[in-house]
Amino acid sequence: MIFRRIMGYLWQFSDVLLFISAMIVLDYTAFRINATLGWFVISLILFVLGWLVEVISERKRGDS
């Protein structure tokens with residue numbers, strides 16, 4: 001039981017870590033191509049993250 005819970009937390013942590021790593025690599029690659037593209041990708045990433053936060057917070061409010 002405890003092992004499953006710990007593995008669940010590690011899985012969630014690795015999922016978030018890989019998501020952040022993918023965003024960093026995507027942004028770095030965009031800046032290597034062109035500075036304007038890099039800034040566009042940063043704004044797109046921030047927009048998507050903001051949208052995800054809203055979706056997640058709406059789900060949590062709906063559950064309680």
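The points that follow concern a surface patch, an aromatic pair and one lysine.

1. The coordinates under review are those of a predicted model.

2. A nonpolar patch lies on the surface and is formed by V16, F19, I20, I24, L46 and L49. Together, these residues have about 530 Å² of accessible area. Two elements, α1 (2-33) and α2, each give two or more residues to this patch. The most comes from α1, which gives four residues.

3. V16 is placed in helix α1. Its relative accessibility is 48%, so V16 counts as partly exposed, since the exposed class begins over 50%.

4. The count of aromatic pairs comes to one. The pair consists of F31 and W39, whose ring centres are 5.4 Å apart and whose planes stand at 80°. The arrangement is therefore edge-to-face, as planes over 60 degrees apart are classed in that way. In general, the distance of the centres and the angle of the planes describe a pair of aromatic rings.

5. The two partners of this pair may also be considered by accessibility. F31 counts as partly exposed because its relative accessibility is 31%. W39 has a relative accessibility of 56% and therefore counts as exposed.

6. Where does K60 lie? K60 belongs to helix α2, which covers residues 35-63. With 60% relative accessibility, K60 counts as exposed. From C-alpha to C-alpha, K60 and G8 are 19 Å apart in space, and 52 residues separate them in sequence.

Technical notes. Residues are numbered from 1 along each chain as its sequence is written. This is a predicted model: local features need pLDDT of at least 70, side-chain atom pairs count only at pLDDT 80 or more; totals for chains, interfaces and linings use all residues. Side-chain values use heavy atoms; hydrogens and water are left out. Buried means under 20% relative accessible area, exposed over 50%, partly exposed in between (1.4 Å probe, protein chains only). Patches are made of residues with over 30% relative accessible area and no salt bridge: like charges are joined within 9 Å, nonpolar side chains (Val, Leu, Ile, Met, Phe, Trp, Tyr) within 5 Å. Accessible areas come from the Shrake-Rupley method with a 1.4 Å probe; for residues, only the protein chains shown count as cover. A salt bridge is a side-chain nitrogen of Lys or Arg within 4 Å of a carboxyl oxygen of Asp or Glu. Rings of Phe, Tyr and Trp (its six-membered ring) pair if their centres lie within 6.5 Å; planes under 30 degrees apart count as stacked, over 60 as edge-to-face and the rest as tilted.
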